[in-house]
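Hi,

Here is the structure I said I'd send over.

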Amino acid sequence: MIAEADLYLDSRIKSNGLSNVKLRVYYDREYKYYSTDIDLEPAEYIKTISKNGKEKKKMIEGTGGLVKILTAQRRSKEQNEIYTKLIAYLTKANSIIKKLDTAFSLEKFDEMYLEGRDVFGSVSFAFDKHIEKLETADRIATASSYRCAKISLLDFHNNPKKTKESADAEKKDKKAGEDGEDSTKKKKQKDLKFTDITPGFLNKYEKWMSDNGNSLTTVGIYLRALRSIFNKEKIDRKLYPFGSEKEGLYEIPSGRNIKKALTIEEIAKIFNYEAESDQEAKARDYWIFLYLCNGMNVKDFCSLKWENIGGEFLTYKREKTKRTKKKKQKDIYVSLKPETMNIINKYGIRSMVPGDYIFPHYYKGITAIRKQEVSQQLIKTINKYMKRISGKVGIKQNVTTYFARHSFATILKRSGANVSMISDLLGHSNVSVTENYLADFEDDQIKKRTDVLLSFNKKAQ
């Protein structure tokens, strides 16, 4: 039996009022459908009655955008571009069928087709392919970050003149006209190609992001994701837009290092704060636990198991680095203080099973997606109440879980601990990462030390 491939216009109509063109592969009385990036005018249908008396839809011959483009004697420029894409999808499918020959199966076709589906240099396809791999590997947070980068880049590509004010006004208009007759249809988005991404495009994107209220840190995160996609897809180096600004390429910005460390006096205020509700008490205690446990992050906190505790130490591996090569994985050692054990005894779920979770947030059989949802919600809850607490005790900054990590590192440095030891306690891959954490500490020291240059002025007063 020979496999066959053709193009099929989906009978379902999308929210944009169009129907998706699909590649349809037929083999051994079975069909398999693959979505394309092309949406066209829907076909028209009439209702008919089958022999067994059931009602079914029958397409009216010659209707729909697919038939019109495939059979047109003359095509517009836009129709020609669509036609070229359609034929490329079909050509690709037929070349795979021919290559597999007698070894053909729908499973093998699926593997070969999806492996190289970025036929047209589509950035969206390349992102989707990598996001799918990340999700399969349970790297949900990273997948989410890549998805946000893709959405942001596509938004800029389609709405380069959008500002924060115009976006807010658009939301209001949309809300006001949701149920009215004047509601506008969704504008069809242009796909973003690798050939569209030039140093000029990236510089404009950076400005657009800034104009829309985004930080340079966010720009850096999104564009590092894009650079990673470029590298994975092995795009022609002539098209590669990243590099030194001196060479006319785009240099990804480093985010400004905003101070996130508290002083020991400020931490004392948190320790000694008398909570006004159970929620405040829990947020305060959890934050203290993170601080005392080497600035642990919330995902690692939720992942702790009873087997991680041995005597006066807690040993664990960061969830963030579990996918690295075994040689590079670091065990993090936490010295358990009486205050830390009090929090474990207060909130932990006692168990004789070493593999059970200590705290009541994760559970046996929990999925990676659910873990991400639970840890993100817990971060929001802790931050919500820590914001209240910091305000009540007179700390000017809105304290978050991230402050626990920076404060741990900075206070150890101020106590005289060397950077190498702090790096090990934080579980950093190298000392340079730790030095970045301590940049604000160095700024404070420079300010303090250079104050002596005006000491004569104080004496004169």
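Helices here are DSSP runs of H or I with at least four residues, strands are E runs of at least two, and both are numbered from the N terminus. Keep in mind that this is a predicted model.

With that numbering, Asn16 sits in the loop between β1 (4–9) and β2 (19–27). Buried means under 20% relative accessible area, so Asn16, at 17%, counts as buried. Its side chain reaches the backbone nitrogen of Leu18 at 2.9 Å.

On to α13, which covers residues 368–392. This helix has 25 residues and runs 36 Å from its first C-alpha to its last, close to the 36 Å expected at 1.5 Å a residue. Its buried residues include Val374, Leu378, Ile382, Tyr385, Met386 and Ile389. An α-helix has 3.6 residues a turn, so residues three or four places apart point the same way. What do the buried residues of α13 pack against? The partners are α5 (140–158), α9 (264–271), α10 (278–292), α11 (298–303) and α14 (401–414). Just after α13 comes Gly394, with a positive phi of about 90°.

Of its 14 residues, 10 are buried, so α14 is largely enclosed by the rest of the structure. Among them are Phe403, Arg405, His406, Phe408 and Ile411. The end C-alpha atoms of α14 are 21 Å apart, which agrees with the 20 Å its 14 residues should span at 1.5 Å a residue. Following α14 is Gly416, whose phi is also positive, near 105°.

Cheers

Note on methods
Residues are numbered from 1 along each chain as its sequence is written. This is a predicted model: local features need pLDDT of at least 70, side-chain atom pairs count only at pLDDT 80 or more; totals for chains, interfaces and linings use all residues. Side-chain values use heavy atoms; hydrogens and water are left out. The expected span of a helix is 1.5 Å times one less than its number of residues. Buried means under 20% relative accessible area, exposed over 50%, partly exposed in between (1.4 Å probe, protein chains only). Contact means heavy atoms within 4.5 Å. A polar contact is a pair of N or O atoms within 3.5 Å; within protein, one must be able to donate a hydrogen and the other to accept it, and residues adjacent in sequence count only if both atoms are side-chain atoms.
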